[in-house]
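This report describes the fold of one protein chain. Please consult the sequence and the structure shown here alongside the text.

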Amino acid sequence: MNLVPHRTHASAPESSMFRSAERPPSCLRALALVCALGLSGCSLFDRGFQPSASYLISPPPQAPLAGEKFGSLMVTRFGAIPPYDGKSFLYRNTDGTWRQDPYAGFIANPSDMMSDALARALEQSGRCEMVGVEGVAMRFDFSIEGVIEAFYADFSEPDAPKAVVRVRAYLLDRRSGAPKLVDQMVGSGAAPLSAAAPGKVAEALSSAVGMAIHELLEDLTVELPKASPAQAASAAPSGL
């Protein structure tokens, strides 16, 4: 007589146990995936840590300048021509190509910091009785608007790397209500770069900004247009 084993419910757990042992756990499957990626040259863990650094534009103080004093002057937020409108450091390479630094740059947009640096320089120059920035709730006699036309570290000449800054500004007479162009100024700066380290790039760009601002203020009109009686009346103190 042939005996055929009879499967009972009690044998089910044993069969289930063997079936589960044939399938690797999820952690083993993940390990197998990582190993496969490593063998294919695409490891998930081969990326070294890249530190990031942010800097402020900090030009040297502006010396006093001779010339007629402005009553009050407002510095508006500057614009910037692309690609000089970003926070990342911009490099011009030896082969003429351009590169943005993905790990080092400014903590704020150069346009904002340039406006603030110009306002401080105007106050230090002594050419204004009062200096303000855009957003102040008062009426100003004059205003300065501008645009950054160049702002980068130039490594195109390996023996003489430098930071390059170029700014164009416009002086507007606002005493009659409708702004009127009085003067156009261009300031340029080129500061030598002692090293390619981000900190040295920030220092050189700050120095170049100081040179450009100094040139702007020296080009600022010495003789201001006189206010007409109507302008003088409109400029008289009034409630905000």
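## The S8–S9 hairpin

In this predicted model, strands S8 and S9 form a hairpin in which 6 residues lie between the two strands. Gly177, in the turn, has a positive phi of about 100°.

S8 covers residues 162-173 and S9 covers residues 180-192. The two strands run antiparallel and are joined by 12 bridges. Within this pairing, Tyr170 stands opposite Gln184 in S9.

## The largest nonpolar core

The largest nonpolar core comprises 48 residues. Leu73, Met114, Leu122, Ile144, Phe151 and Val165 are the members that touch the most others. Elements that each supply at least two residues to this core include S8 and S9, together with strand S2 (70-75), helix H3 (110-125) and strand S7 (142-154). Helix H4 provides the largest share, with 10 residues. In soluble globular proteins, nonpolar side chains tend to be buried together.

Which residues are in contact with Ile144, leaving aside its neighbours within four places in sequence? Among them are Leu73, Met74, Val75, Thr76 and Phe78, as well as Leu118 and Leu122. Ile144 also contacts Ala169, Tyr170, Leu171 and Leu220.

## The chain as a whole

The protein chain contains 5 helices and 9 strands. From the N terminus, the elements follow the order α-α-β-β-β-β-β-α-β-β-β-β-α-α.

Of the 240 residues in the chain, 34% count as buried. Among contacts between residues at least 6 apart in sequence, 71% join residues at least 24 apart.

Notes
Residues are numbered from 1 along each chain as its sequence is written. This is a predicted model: local features need pLDDT of at least 70, side-chain atom pairs count only at pLDDT 80 or more; totals for chains, interfaces and linings use all residues. Side-chain values use heavy atoms; hydrogens and water are left out. Helices (H or I, at least four residues) and strands (E, at least two) are DSSP runs, numbered from the N terminus. Buried means under 20% relative accessible area, exposed over 50%, partly exposed in between (1.4 Å probe, protein chains only). Contact means heavy atoms within 4.5 Å. Two strands pair if DSSP finds at least two bridges between them. A nonpolar core is a set of buried Ala, Val, Leu, Ile, Met, Phe, Trp, Tyr and Cys residues joined through side-chain atoms within 4.5 Å.
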